[in-house]
Amino acid sequence: MASNGTALDFGHDLVSFMKHPGPVFDHYLPQTLDPKFLRRYKIDPPQRPKNKVSVGHVISRVALQHFIQMVVAIVFVWIVPRDLEREMEDVGTILIKLMIGAFMLDTYQYWMHRLFHRNKFLYRHFHSVHHELTVPYAFGALYNHPVEGLCMDTVGGGLPVLLLDMHPWTATLFTSFATIKTVHDHCGYVLPFDPLHLCFATAAYHDIHHWGKGIRYNFSQPFFTLWDELGGTIYPYSLDDMVSDEVKKEAEEKKHLDAKRKAE
Ligand SMILES: [Zn+2]
Ligand SMILES: [Zn+2]
């Protein structure tokens, strides 16, 4: 469907919207939430193919994913009795558990993610769902097949909580932070002075994994790139290659104008 912003196209999409909400959301919602002043920080490489699924479909699958995680968490707390009233851990213990937990989660997710790519059955039936998003966006971060969601995200987040015997508040902090970082990995922007980008892998790093040759690289998630470095699966890229031709042209014109002004 065309989406060049003309009244005719809008009317055409509006009619489609009445039949099926997917196409309109797919075209107009991300564009509406795409402020112009942030465009130069947007990950928008020219050669990247378009998404294969609508935003409406993605939201419904992510809602299902959250529901499954909630049920698993309730059943887990019910089956494995935990002392929810126990005394809070001290700051030092919380920090150590968060750091070890991050390493455990990274290790688990790297090898599981790599396995879901290298094994053709696992990729075709499960992980290919996540890769229907060639242009990731924040609320598609947990767009997965339910089996993958259970194996990768639910078990990956639950194991450090269990093995490190985290206090419920420490566990809340850990799982919330891991979720925030995963959403951030799919946000589609590399903003300057982003505190998460100062310490951890950038959104561009994971974005590369969603399209082109990058699909065979950058399996590390959500925090550090250590396992990709050790496993020889890191994809070399430059942030300049990650912006659109339009942004590059604007930057080039600005550079030219500045040089001209200086010369005068
Ligand atoms: Zn993948
Ligand atoms: Zn992803």
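Guide: A crossing of two helices is right-handed if the near helix is turned clockwise from the far one by less than a right angle, and left-handed if anticlockwise. In this predicted model, helix 4 passes helix 7 in a right-handed crossing.

Visitor: Which residues of helix 4 and helix 7 make the contact?

Guide: On helix 4 they are I94, K97, L98, G101 and L105, and on helix 7 they are T170, L173, F174 and A178. Sorted by class, six residues of this contact are nonpolar, two are polar and one is charged.

Visitor: At what angle do helix 4 and helix 7 pack?

Guide: The angle is about 40°, and the axes are 10 Å apart. Helix 4 is therefore oblique to helix 7.

Visitor: How do I read the angle between helix 4 and helix 6?

Guide: Angles over 145 degrees count as roughly antiparallel. The axes of helix 4 and helix 6 cross at roughly 160° and come within 8 Å, so these two helices are roughly antiparallel to each other. Their crossing is right-handed.

Visitor: What residues make the contact between helix 4 and helix 6?

Guide: Helix 4 contributes G101, M104, L105, Y108, Q109, M112, H113 and F116. Helix 6 contributes E148, C151, M152, G156, G157, L159 and P160. The residues of this contact divide into nine nonpolar, five polar and one charged.

Visitor: How far apart should the ends of helix 4 be?

Guide: The expected span of a helix is 1.5 Å times one less than its number of residues. Helix 4 covers residues 91-118, which is 28 residues, so it should span 40 Å; its end C-alpha atoms are 40 Å apart, in agreement.

Visitor: Which residues of helix 4 are buried, and what covers them?

Guide: A residue is buried if 20 or more other C-beta atoms lie within 10 Å of its own. In helix 4 the buried residues are K97, G101, L105, D106, Q109, Y110, M112, H113 and F116. Their cover includes helix 5 (120-125), helix 6 (146-163), helix 7 (168-185) and helix 10 (226-231).

Visitor: Now a residue in a loop. Is Y189 buried or exposed?

Guide: Y189 has 21 C-beta neighbours inside 10 Å, so it counts as buried. Y189 is found in the loop between helix 7 and helix 8 (195-199).

Visitor: What is Y189 in contact with, leaving aside its neighbours within four places in sequence?

Guide: The contacts of Y189 are then L38, Y41, K42, I43 and A203.

Visitor: How far is Y189 from Y137 in sequence and in space?

Guide: Y189 and Y137 are 52 residues apart in sequence, and their C-alpha atoms are 9.1 Å apart in space.

How values were computed:
Residues numbered from 1 in each chain as written. Chains lettered and ligands numbered in written order. Predicted model: local features only at pLDDT ≥ 70, side-chain atom pairs only at ≥ 80, totals over all residues. Helix = DSSP H or I, 4+ residues; strand = E, 2+ residues; numbered from the N terminus. Buried ≥ 20, exposed ≤ 12 C-beta atoms within 10 Å, placed from the backbone. Contact = placed C-beta atoms within 7 Å. Axes fitted to C-alpha atoms, helices over the stretch in contact; angles between N-to-C directions. Parallel < 35°, antiparallel > 145°, perpendicular 65-115°, else oblique. Nonpolar A, V, L, I, M, F, W, Y, C, P; charged D, E, K, R; others polar.
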